[in-house]
Structures are given as structure tokens and as C-alpha cells.
Amino acid sequence: MYTFNPGPSQVYPQVRQYLQDAFDEGWLSAPHRGERFTGLMRQTVQELKNKLNVPQDYTVFFMSSATECWEVLAQSLTPRKSFHLYSGAFGEKWYEYAKALRPASVGYPFGLNEVPDVAALPLPDDETDLVCITQNETSNATQLRDGFILNLYNRLGSALLAVDATSSMAGVQLKYIKADVWYASVQKCFGLPAGLSLMILSPRAVARLREINERSHYNSLASQYEKMLNWQTTHTPNVLNIYLLYRVLQDRPVIKAVHQHLQDRATKLYDYFEQATQLTPLVTNPETRSTTVIGLQGTPTLIEEVKRRALAQGLQLGNGYGNWKAGSLRIANFPAIPDAAFEQLVQFFAKEFA
Ligand SMILES: *Cc1c(COP(=O)(O)O)cnc(C)c1O
């Protein structure tokens with residue numbers, strides 16, 4: 001059985017052994033203020049920076065979900081308002097969370113086959129604290145490329161650039177120096193069980209959060225920053241998942257290799273689905289297609305039939321999401337899914353839906 005669901009997604013088979021090791025090595029009762037745990041935190045952050053090419057002067061925080069990151073960014077880095085550029089359901093949800101805390105926040109939707117024109121955006125604006133984008137929009141299988149992010153970064157003024165990379169971090173080689181805040185949860189490209197997220201901040205973002213110094217919440221960034229200076233958290237953290245993250249990072253190749261592998265696999269899949277099957281890619285513009293989540297469209301009846309027959313053969317496909325629920329399905333192209341699974345998937349389509 002393989003799952004191509006884009007979150008929670010297929011975990012690495014090694015997780016079984018890591019879990020056993022966590023138990024045997026006593027991590028499940030390890031005190032989170034003790035030296036053993038703080039050592040694990042330090043090593044995990046170092047391994048993350050090495051494997052994902054994160055600049056050494058960036059700061060890493062651990063939280064519980066990407067959703068928590070949405071709320072924390074509004075509460076601790078947005079004294080006035082944020083600006084949200086989005087094409088799908090996750091970007092829009094982020095905007096909704098921000099608006100609930102900072103009602104002046106502004107949403108700017110764009111189409112899934114569109115690369116927004118940076119010069120035409122109402123930016124920079126002296127009142128905007130945070131500009132928010134979703135690098136990989138999991139709901140509609142789109143992606144914003146490096147060139148776009150760079151153009152946007154160069155037009156920010158005093159605002160910070162925050163990037164939701166939940167379904168691409170650890171799968172795509174992200175240019176961390178071209179934004180101030182990056183975050184992801186581990187149940188996507190990290191191939192781990194849910195319940196942990198990471199937020200990566202530039203020195204500029206750290207300076208800003210210290211200047212704003214918001215401390216009204218248990219997860220306020222100023223408090224998290226203070227604790228993290230000693231490799232600690234404000235509350236008892238998800239020690240088990242941090243341990244799993246450390247182990248999985250140790251065993252993974254560097255991001256450059258992972259990125260190339262996923263990109264090659266995505267290119268092959270898009271080529272295949274463009275020509276050979278009854279379903280077609282949901283995103284018609286190759287420039288906006290995601291490399292880590294492949295969206296396919298068809299009539300609702302066909303979509304249902306494909307999912308049902310695939311499942312009968314041990315291949316679980318991801319449902320469509322939000323507006324695209326009935327007329328599409330999604331295939332995660334995450335690192336923990338082996339090439340053999342994709343070979344089986346292509347054979348399935350070739351045999352039953354060519
Ligand atoms: C999955 C996902 C989220 C939500 O992640 P949680 O860890 O469940 O909060 C947010 N943004 C994107 C782009 C996602 O793919």
C-alpha cells in the first residue's frame with residue numbers, strides 16, 4: 001500500500017526503527033530543560049541547516065503546525081496589517097487567520113495559471129508589516145518560482161516577506177536568503193508524522209520580533225526567541241517528533257540531490273499525464289505547476305472511478321481540495337514515496353485509463 005495523499009503523507013519506512021530507538025534510548029521521558037534534550041535541539045538545528053542549505057545566521061523555532069505559524073506571525077510580527085497574495089485554499093486560510101487578529105490585512109487573489117505581475121501589486125506600502133505568499137499551494141498544485149520571489153523581495157520596502165513552504169520544504173531547494181520567514185510542518189516533504197512544524201527566520205525578522213516584543217501569548221515569538229537562545233521552548237515540546245526529525249535529516253541526502261530527483265520525477269509525470277491518459281493536469285501553465293504536488297482534472301465521475309480503482313490496487317490518491325474537490329485529484333511527489341510507487345502508478349493508468 002502506497003499513499004500519494006499530500007498530507008498527512010507517506011512516512012519513511014525507517015520511522016518504525018526510529019520510534020523503537022526513541023523508546024529504547026529513553027527520549028519519551030527526557031526532561032526538556034535538561035542537557036540531553038538541549039543537545040538534541042542544537043544538533044537538529046545544525047543538521048537542518050546543513051541538509052537544507054539554510055544560512056547559518058538564520059534562527060529556527062519549533063511549533064506544532066503550520067496553522068500555529070499563521071497565528072503566531074499575525075500576533076508577533078504584524079502590529080498593523082499583512083498583505084496576502086494567494087491562488088488557493090491554504091493561502092486564503094492564512095489570510096483569514098491574519099484578518100481575525102489584524103482586520104486591516106489585505107488579500108490579493110490570483111489565478112492558478114497566473115504568475116502575478118509584481119510591478120502591478122499595491123506595494124510597497126508603509127503600513128504593511130508582512131507580505132505573505134504560499135510557495136507551494138498544496139490545494140491546487142501550484143508553485144511560485146525563485147524568480148518571482150526574488151522580484152517580490154526586491155519590492156518590499158520595510159515589510160518582511162513570509163513564505164508558507166509547508167509542502168515544499170525538504171523537497172525543494174528554497175533560497176532562504178530571499179525571504180525573512182519560512183515555515184513548514186513535518187507531515188509533508190519531511191516524511192514524518194504530524195504534530196511538529198519549523199519556522200526559519202532571517203536576522204532581519206529576528207531584529208523585528210525583538211523590537212515589536214509582543215509577549216501576550218504562550219507562543220509569542222519574543223518568548224520563543226529567548227528560550228531558543230538556550231535551545232529550549234516555552235512549553236514542553238514534541239520531543240519525540242524532534243528526535244524523529246533529527247534521525248530523518250541525518251539519513252537524507254542534501255537538498256540539491258532531493259530537489260533534482262523530485263523535479264525529474266515531476267517532469268516525467270506531467271509529460272505522461274499530458275499525453276497518455278483520460279485525466280489532464282489541473283494546472284495548464286507549466287510555469288505555475290508544482291513539483292511536489294501533481295494535480296489532475298477530469299469529470300467528477302471519472303475522478304471517483306480512478307480513485308476507487310487505484311485504491312483497490314493499493315494506491316491511495318489524494319482528494320481534490322476546496323474549490324477543486326470534485327473535479328480533481330492530487331498526487332504527492334514527496335521524497336518518502338519511492339520510485340517503485342510511481343512506476344506502479346503509471347502502470348495502473350496505462351492499463352486502466354489510457
Ligand atoms: C498542509 C498545509 C498547511 C497546514 O498544515 P498544518 O500543519 O496542518 O497546520 C498549511 N499550508 C500549506 C501550504 C499546507 O500544505
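## Contacts of the ligand

In this predicted model, a polar side-chain atom of Thr67 is placed 2.6 Å from an oxygen atom of the ligand, a polar contact being a pair of N or O atoms within 3.5 Å. Thr138 also reaches the ligand, with an N or O atom of its side chain 2.4 Å from a ligand oxygen atom, while an N or O atom in the side chain of Asp164 lies 2.7 Å from a nitrogen atom of the ligand. Taken alone the ligand exposes 390 Å², and the protein buries 87% of that; these accessible areas come from the Shrake-Rupley method with a 1.4 Å probe.

The shell around the ligand holds 14 residues, and the closest are Thr67, Thr138, Asp164, Ser185 and Lys188, where a residue is counted if one of its heavy atoms lies within 4 Å of the ligand. By class, this shell has three nonpolar, nine polar and two charged residues; Ala, Val, Leu, Ile, Met, Phe, Trp, Tyr, Cys and Pro count as nonpolar, Asp, Glu, Lys and Arg as charged, and the others, Gly among them, as polar. Helix 3 (residues 66-77) supplies the largest share of the shell, three residues.

## How the model was read

Residues are numbered from 1 along each chain as its sequence is written, and side-chain values use heavy atoms, with hydrogens and water left out. Since the model is predicted, local features need pLDDT of at least 70 and side-chain atom pairs count only at pLDDT 80 or more, whereas totals for chains, interfaces and linings use all residues.

## The annotated domain

UniProt, in an unreviewed entry, places the feature "domain: Aminotransferase class V" at residues 2-295; such annotations may be inferred rather than shown by experiment. Over residues 2-295 the chain is 38% helix and 16% strand, and the end C-alpha atoms are 17 Å apart. Helices (H or I, at least four residues) and strands (E, at least two) are DSSP runs, numbered from the N terminus.

## Strands and their pairing

Strand 3 (residues 81-86) and strand 4 (residues 106-109) pair in the parallel sense over four bridges, and two strands are said to pair if DSSP finds at least two bridges between them. Phe83 has Val106 in strand 4 as its bridge partner. Together with helix 4 (residues 89-101), strand 3 and strand 4 make a right-handed β-α-β unit; right-handed here says that, with the strands pointing away from the viewer, the path from the first strand over the helix to the second runs clockwise.

Elsewhere, four strands form an open sheet in the order 11-12-15-14, with antiparallel pairing. Strand 11 (280-281) and strand 14 (318-319) stand at the edges, each with a single partner strand, so one side of each is left without a neighbour in the sheet. Strand 11 pairs with strand 12 (residues 293-297) in the antiparallel sense over two bridges, and Thr280 stands opposite Gln297 in strand 12.

## Backbone details in the loops

A cis peptide bond joins Gly7 and Pro8, with omega of about -10°, and Pro8 lies in the loop between strand 1 (2-3) and helix 1 (15-24). Another cis peptide bond joins Leu123 and Pro124, where omega is about -10°; Pro124 is found in the loop between strand 4 and strand 5 (128-134).

Ala170 has a positive phi of about 85° although it is not a glycine, and its place is in the loop between strand 8 (160-164) and strand 9 (181-185).

Key:
Polar contact = N/O pair within 3.5 Å; in protein donor to acceptor, adjacent residues only side chain to side chain.
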